[in-house]
Amino acid sequence: MMKRLFASLALMAVATTAFAGLHSGTVDVRILAINDFHGHIVQDRFITKQGEKIPVGGAAWLTSRFRKIESQPPLALIVSAGDSVGGSPPVSALFQDEPTVEFMNMAGFDAATLGNHELDEGYLEMLRLWKGGKHKSSRYYPKPFPGAKFPIVCANVVEERTGKPILAPYSIHWINGVRIGIIGVVTREAKTAVAAEGLKGLTIADETEAINKWADHLGKYGVHAIIALVHEGGEQKPENPTGVISGPIADMARRMRPDVDLIISGHTHTNINGFIGRTLITQARNYGAAFADIVMTIDRGSGDVIKKNALILDATHDDLIPAFDVERMVANYEALAAPRVNKVIATLKRGYKRNDGKDALGAVIADAQREAMKADVAFMNSGGIRSDIPEGVLTWGHLYTCQPFGNKLKAIQMTGAQVRKVLEQQWRTGADGREESWMLWVSGITYTWDPKALPGSRVREVKMADGSPLEDAKTYTVAANEFIAGGGDGFTTLADGKVIATGGTDLDALIDYFSAHPDPPDASGRSRRL
Ligand SMILES: [Zn+2]
């Protein structure tokens, strides 16, 4: 009852301002935002509240939640700050992530920007997915997939030759009689995070400069309520509106034109809700487990945002009913994917965790790749491991969810000195002067390192699997996925080696390895901190 009364009061308020004339008073606009959804259309996330495990997210539930919010004023724009797709579970990934775009169409998204993962398969496939086009893995094939019904905006992925953006840099939305401009950008990190070939002929320009340029352009056309969808992030400590926001997004906000009212960030999978100067910054974790509910109050006369605030809400299901149309679409894709997803690979005696520890999955993956490529050494990046592997029945779906990128394996010839340099590249100084560590999983070697030594000279003793020392002048064969083999995650030394063979995918290697070794040998303790 209270809710309904509130709704009609709000309606009256809108009606009154409209009556007072088009160019006076204020109007509220709501923005519902997600980031880093990564194709999680099937509900698979939980939060713990008072010791109770509560489901959150899922495309049909999110749609239902958004529709309920949209059924009451103020009118809302729904947006995604990138990584909507990529690294997705098989139900979306097996169909080139078209199911996720279908969900976004059905849920009524108004705009989205690119994340680095939208570019995982190169920019041509990115354009096909969002703008429409044929693909053999599509449910629509041989007909073209229709693409997104809303604009994909990105101002800083530009042609090297002309400097022109390959997508519309911004979109303009008329809502409640006011105009809102949405500008998108993706992190420059996308350049190192995407296999180099996928971005041939393109540059990723400075994010803030791109936003400022187009904000200025929008201002000249009288659009003064401006939202930046920025696929770059940071963190906030403590996680509440008074917490301090740090990281790249904070630096960007400080350099941004003051008429950018709201930054919807992503990429770091954290909760952010606070101000830097007069700019509101939000981020709502990942996988549709949470969303940002933002309200901006806009002056009708000037078009300026005069007030804004946000809540980061868990996408709990409460008393909702999942949106039937989306639920049916997802169920259809699940049925199509089931025969592949449920195929049994092995029965495991124990489970494997992504993070460090005795049953570290990364080292097992490195072992699988070393075996597949018949190499002396293998390196595996942590970012390429997307889930744990449970004990018991192991299916194709489990392994796919763990290694979804379909990276091909490379065998690279390197000297012992280069192998050592790859290890040294695990520790570096970031752009902001802070030290970063990018620990690799290794196979075929063990090593010790000294955290007190300077980055670049930390590695001490490196031994081969047979206990003999790594020799600087000797040539070794190194296995790695094509992403780090091409210098990804900053491992440029791997790109200095000579590629002597290209194998199957990382996923194939892992499937073969677990089929051959349902109880793999202990892979722990290969790097030891002194
Ligand atoms: Zn990202």
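## The β8–β9 pair

Strand β8 is joined to strand β9, which spans residues 178-186, by six bridges, and the two run antiparallel. Within this pairing, Trp 174 stands opposite Arg 179 of β9. These descriptions refer to a predicted model.

## The six-stranded sheet

The pair belongs to an open sheet of six strands, ordered β8-β9-β11-β14-β16-β15, in which the pairing is mixed. Because β8 (170-175) and β15 (271-276) stand at the edges and each has a single partner strand, one side of each is left without a neighbour in the sheet. On average, and with direction ignored, neighbouring strands of this sheet are turned by 20° against each other.

Helix α7, formed by residues 207-220, lies across β8, β9, β11 (225-231) and β14 (260-265), and runs at about 160° to β9.

## Packing of α4 and α9

Helix α4 (residues 98-107) packs with helix α9 (residues 324-341) at an angle of about 170°, the axes being 10 Å apart; α4 is therefore roughly antiparallel to α9. In this contact, Pro 99, Glu 102, Phe 103, Met 106 and Ala 107 of α4 meet Asp 325, Val 326, Met 329, Val 330 and Tyr 333 of α9. The contact residues divide into eight nonpolar and two charged, with no polar ones.

## Confidence

The protein chain has a mean pLDDT of 92, and 94% of its residues reach 70 or more. Over residues 1-21, however, the pLDDT is below 50, and this stretch has nine contacts in the model beyond near neighbours in sequence. Where pLDDT is low, the predicted coordinates should not be read in detail.

Terms used. Residues are numbered from 1 along each chain as its sequence is written. This is a predicted model: local features need pLDDT of at least 70, side-chain atom pairs count only at pLDDT 80 or more; totals for chains, interfaces and linings use all residues. Two strands pair if DSSP finds at least two bridges between them. Helices (H or I, at least four residues) and strands (E, at least two) are DSSP runs, numbered from the N terminus. Axes are lines fitted to C-alpha atoms, for helices over the stretch in contact, and angles run from 0 to 180 degrees between N-to-C directions. Two residues are in contact if their C-beta atoms, placed from the backbone, lie within 7 Å. pLDDT is the predictor's confidence in each residue, from 0 to 100. Angles under 35 degrees count as roughly parallel, over 145 as roughly antiparallel, 65 to 115 as roughly perpendicular and the rest as oblique. Ala, Val, Leu, Ile, Met, Phe, Trp, Tyr, Cys and Pro count as nonpolar, Asp, Glu, Lys and Arg as charged, and the others, Gly among them, as polar.
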